[in-house]
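Work through these exercises with the sequence and the model side by side. Try each task before reading its solution.

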Amino acid sequence: SSARADDEKRPAILEIDLYIEAGHLTGDITTRGVFSERIIGTVQSGLPSVVELFYHLMESDGGTLTNGVETFSLGYDVWEDVYPVSSQDSSLVLPSLEAMRSMIEKLEGILLLPIDGMQPNPRHV
């Protein structure tokens, strides 16, 4: 038999809040289990760690709107006692491991798709 984590330990998306901002479909994504004990141990040891969020947006009829990945590099600066986080387009320094965990588990402002790439569904107009 395979060794699989039970559903409570597996990473999961709990909530996605979608909205339009700056011409993009944007999402705030709340997760569980993404910031695992393995990631915590790696970061606390001073080694870099990477968290990737893969997404696949589909239309209600099953057609694909877009696919993507958001990548976050996590670290710990042992000299300054801070936690740097970088993504494709930004970087910031957090004061604690708990602040890093909170940020990774509640991602805000993730650009998913330009709204001009979305077509209205004639059945819902």
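**Exercise 1. Classify Thr 30: is the residue buried or exposed? Then list its contacts.**

Solution. Start with the location: Thr 30 sits in strand S2. Strands are DSSP E runs of at least two residues, helices are H or I runs of at least four, and both are numbered from the N terminus. Next, take the relative accessibility, which is 19% for Thr 30. Buried means under 20% relative accessible area, exposed means over 50%, and partly exposed lies in between (1.4 Å probe, protein chains only). Thr 30 therefore counts as buried. Last, list the contacts, meaning heavy atoms within 4.5 Å. Neighbours within four places in sequence aside, Thr 30 meets Ala 12, Ile 13, Leu 14, Glu 15, Glu 105 and Lys 106.

This is a predicted model, in which local features need pLDDT of at least 70 and side-chain atom pairs count only at pLDDT 80 or more, while totals for chains, interfaces and linings use all residues. Residues are numbered from 1 along each chain as its sequence is written, and side-chain values use heavy atoms, with hydrogens and water left out.

**Exercise 2. Describe how H1 and H2 pack.**

Solution. Two packed helices are described by the angle between their axes and the distance between the axes. H1 and helix H2 (residues 97-105) pack at about 135 degrees, and their axes are 12 Å apart. That angle makes H1 oblique to H2. Axes are lines fitted to C-alpha atoms, for helices over the stretch in contact, and angles run from 0 to 180 degrees between N-to-C directions. Under 35 degrees counts as roughly parallel, over 145 as roughly antiparallel, 65 to 115 as roughly perpendicular, and the rest as oblique. Now name the residues. Ile 40, Val 43 and Gln 44 of H1 meet Leu 97, Met 100 and Arg 101 of H2. By class, this contact has four nonpolar, one polar and one charged residues. (Ala, Val, Leu, Ile, Met, Phe, Trp, Tyr, Cys and Pro count as nonpolar; Asp, Glu, Lys and Arg as charged; the others, Gly among them, as polar.)

**Exercise 3. Inspect phi at Ala 22 and Asp 81.**

Solution. Take Ala 22, in the loop between strand S1 (12-21) and S2. Its phi is near 50 degrees, a positive value in a residue other than glycine. Ala 22 is exposed, at 75% relative accessible area. Asp 81 is in the loop between strand S4 (64-74) and S5. Its phi is near 55 degrees, also positive in a non-glycine residue. At 44% relative accessibility, Asp 81 is partly exposed.

**Exercise 4. Which residues have pLDDT under 50?**

Solution. pLDDT is the predictor's confidence in each residue, from 0 to 100. The protein's mean is 85, and 87% of its residues reach 70 or more. Residues 1-5 stay under 50, and the model gives them two contacts beyond four places in sequence. Where pLDDT is low, the predicted coordinates should not be read in detail.
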